[in-house]
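Below is a briefing for a reader new to this structure. Please look over the sequence and the model before going on to the notes.

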Amino acid sequence: MSNETILEVDGLKTHFYTEQGVVRAVDGVSFDVREREIVGIVGESGAGKSVATTSILRLIEEPGQIVDGEITYRDLTIVGFEEQDDGTLTPREAMLSNREMRDQVRGNEIAIIFQDPMESLNPVYSVGHQVTEFIELNRELSGGDARQEAIDMLREVGIPEPENRFDDYPHEFSGGMRQRVLIAMALGCRPTLIIADEPTTALDVTVEGQILDLVKDLQTKYGTSFIWVTHDMGIVAEICDRVNVMYLGEIVEQGPVDDIFHDTKHPYTQKLLESIPRPDRTVTELDPIAGTMPSAINPPRACRFHTRCPDARVACTEVEPRFVAVGNDADGDGDEHEGEHNDHRTACIKYDDVGYWDSVPLEKVGDRDIQYVGDRS
Amino acid sequence: MATTEGQLGDGEEPQVGWRHTLAQVRNDPTARFGLYIIAIATSVAIFSAVDANLSRLTLGAYHDYTIGEWLPVLENPETLPPPGEMQTYQPPVFAEGGSWDNPLGTDQSGRDYLSRIIYGARISMAVGFFATFLGLTGGVAIGAVAGYYGGWIDDVLMRFVEIIYSIPALVLVIVFTVFVSGGNPDVIYAILGVGIATVPVFSRIIRSRVLSVREMDYVEAARAAGVTDRNIIRRHIIPNSFAPVLVYATLQIGFAILIVAGLSFLGYGAQPPTPDWGQMLNHAHGQMHVNPWMSIWPGVAILLTIMGFNLFGDGLQDALDPRIDN
């Protein structure tokens with residue numbers, strides 16, 4: 001991939017200030033998106049995937065707040081801070097105002113497709129009206145031209161007879177068709193990047209397959225980049241070029257999809273892959289990840305996964321893991337840590353030189369304070 | 001929440017749209033009855049002003065005049081015909097001594113009671129509609145903005161609205177009327193006053209809906225597409241929060257009519273010679289024992305009109321609720 005990087009997220013922290021305490025929903029997340037690629041963000045519910053992506057459009061609402069980090073889209077500073085003399089962080093001058101975000105970024109540069117197609121369309125307007133509204137808002141089209149473009153977009157996403165369905169209301173469409181309409185609305189804005197927030201989760205598997213095929217086709221045709229948020233490793237394998245695996249507000253492993261699947265490094269990613277059925281492996285019993293994700297208010301010390309990790313050692317509770325390049329030795333010089341030259345990185349001290357292997361293993365996973373749901377025998 | 005109007009089970013599709021709502025109202029006998037009353041009252045209100053035949057009735061004993069000529073006559077009492085020609089306190093046609101000339105009898109000045117009731121419908125309907133429209137417009141704007149933005153904007157607007165709400169409506173309207181009119185009360189001030197007094201209920205109703213509608217994905221999607229807050233409120237928030245407001249508005253029209261009747265009864269509403277039901281009651285209550293019909297007719301008119309709006313409002317509520325399907 002030699003395409004230019006269009007979006008860069010660096011050390012993003014989005015916290016929610018609730019009465020129970022500060023929820024560190026996203027706590028230092030870095031990834032980037034290049035032209036014409038689909039980047040996956042995968043993780044369990046509550047890992048902070050959606051918060052991370054809505055932060056990109058600065059749509060975080062009270063009590064949530066982006067407290068640190070940089071988000072750069074091309075030459076626009078979506079989020080940027082500078083340190084004051086007293087050590088506090090304040091937004092940088094270059095950071096876009098809310099109005100600039102609205103007029104320059106949202107819709108026309110970065111669009112978003114939401115999870116639930118049943119609730120993402122306004123029930124009081126016809127679907128054609130809604131597609132047209134987005135087109136008029138973000139492109140230099142109006143009136144009949146915008147209408148025609150909306151019809152074309154509806155045809156493009158596979159709505160049969162779009163001229164006749166133009167004036168139909170959302171409740172007259174099936175879930176899959178509504179999701180197609182949402183894609184038409186997003187794509188109709190002609191954005192460079194589309195954030196798809198679990199767009200197929202509410203659909204059945206057959207329709208999901210159709211939508212994924214459609215997205216791949218349209219992605220090739222329009223050259224749009226995607227951030228694809230999902231909890232489904234199967235979808236990642238099917239459409240993503242690169243993946244970021246998130247756990248409890250942090251990215252634990254990132255890299256090209258092949259490396260993640262075939263050269264899995266982080267124990268969490270390994271467990272995640274073991275917990276889904278795969279046609280290419282004979283597995284008699286799926287092995288779910290023990291326990292549930294801890295609270296993001298008081299996340300575990302050091303490595304956040306150590307409470308559920310089968311490989312956890314004492315060092316895991318003491319040393320804050322940092323990203324290390326773990327890619328294959330691409331240029332054959334014997335140096336497996338090629339840093340910038342390789343995309344595959346993970347935040348696990350197994351691959352770092354900080355004393356993991358000299359440390360004592362923590363007791364078996366089951367002996368720690370983890371609740372099992374149901375009978376595991 | 002699957003749609004605008006409430007919770008739905010799986011696989012159930014909400015029926016939305018005006019055509020469906022109206023069809024449901026048509027199928028509901030009580031709502032239809034209410035609609036008939038409203039239709040009659042409204043057409044009477046309109047025709048009493050333009051129909052020459054009815055305007056002759058207005059004059060009662062002075063049937064040689066039209067309304068246009070009649071009002072100047074009252075303003076210059078010296079042009080009034082001598083008292084002998086006025087048949088005051090005529091009983092209605094079915095009582096002893098009544099005649100078809102004045103089917104509901106005449107009042108203390110000899111004016112035809114039927115035509116005054118009819119003319120009074122015009123005042124009442126105008127008051128009901130305009131006052132409610134005022135309250136609805138102001139209330140929806142305040143409630144939608146407060147609910148959408150939340151935070152301190154919500155606090156300021158809603159506390160302000162609650163201050164108005166804490167004052168009894170009739171007291172508020174009387175004080176407003178007296179102050180604004182500078183001692184010359186008129187029905188227009190009553191309309192303004194009732195409008196202001198009803199802003200709180202409307203804003204509270206719509207705000208509670210907005211709080212849930214603003215969390216909808218389509219609102220988030222609109223924000224993510226760069227739609228301005230103003231257009232989100234106008235095109236996404238308000239249309240999806242409007243159903244309960246609409247139902248309340250029909251009930252509110254009846255309430256506005258009632259409160260202005262009360263106001264006129266107390267002398268702060270419509271001023272003579274403009275006939276108004278409340279004002280007619282005021283003039284009649286001294287005659288309760290001698291001429292009970294004078295009190296009964298305006299009472300019946302008020303009762304029927306308000307009942308019409310209430311029945312229609314109830315029917316509309318059911319029609320807009322997708323869980324109740326006739």
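How are α11(B) and α12(B) oriented to each other, roughly parallel or roughly antiparallel? They are roughly antiparallel, a label given to angles over 145 degrees, while angles under 35 degrees count as roughly parallel, 65 to 115 as roughly perpendicular and the rest as oblique. This is a predicted model, in which local features need pLDDT of at least 70 and side-chain atom pairs count only at pLDDT 80 or more, while totals for chains, interfaces and linings use all residues. Residues are numbered from 1 along each chain as its sequence is written, and chains are lettered from A and ligands numbered from 1 in the order in which they are written.

**Chain B overall**
- Chain B has twelve helices and zero strands; helices (H or I, at least four residues) and strands (E, at least two) are DSSP runs, numbered from the N terminus.
- In chain B, 46% of the 326 residues count as buried, where buried is 20 or more other C-beta atoms within 10 Å of a residue's own, exposed is 12 or fewer, and partly exposed is in between, with C-beta atoms placed from the backbone.
- Of the contacts in chain B with a separation of 6 or more, 66% are between residues 24 or more positions apart; a contact needs C-beta atoms, placed from the backbone, within 7 Å.

**Helix pairs in chain B**
- The axes of α11 (residues 277-284) and α12 of chain B come within 8 Å and cross at roughly 155°; axes are lines fitted to C-alpha atoms, for helices over the stretch in contact, and angles run from 0 to 180 degrees between N-to-C directions.
- On the α11(B) side the contact is made by W277(B), M280(B), L281(B) and A284(B), and on the α12(B) side residues including P298(B) and I302(B) take part.
- The contact of α11(B) with α12(B) has eight nonpolar, two polar and no charged residues; Ala, Val, Leu, Ile, Met, Phe, Trp, Tyr, Cys and Pro count as nonpolar, Asp, Glu, Lys and Arg as charged, and the others, Gly among them, as polar.
- Helix α10 (residues 229-265) of chain B also has its axis within 8 Å of that of α12 (residues 293-320) of chain B, and the two cross at roughly 170°.
- That crossing makes α10(B) roughly antiparallel to α12(B).
- The contact of α10(B) with α12(B) has 14 nonpolar, six polar and no charged residues.

**Between the chains**
- Chain A puts 25 residues in contact with 21 residues of chain B.
- On the side of chain A that touches chain B, α3(A) gives the most, with three residues.
- That side of chain A has 13 nonpolar, six polar and six charged residues.

**Nonpolar core**
- The largest nonpolar core has 174 residues; such a core is a set of buried Ala, Val, Leu, Ile, Met, Phe, Trp, Tyr and Cys residues joined through C-beta atoms within 7 Å.
- α10(B) gives the most to this core, with 19 residues.
- V131(A) is one of the residues with the most contacts inside the core.

**Backbone details in chain A**
- Most residues other than glycine have a negative phi, and most peptide bonds are trans.
- The peptide bond from E62(A) to P63(A) is cis, and P63(A) lies in the loop between α1 (49-56) and β4 (64-73) of chain A.
- R36(A) has a positive phi of about 55° and counts as partly exposed, with 18 C-beta neighbours inside 10 Å.
- E198(A) has a positive phi of about 45° and is buried, with 20 other C-beta atoms within 10 Å.

How values were computed
Two residues are in contact if their C-beta atoms, placed from the backbone, lie within 7 Å.
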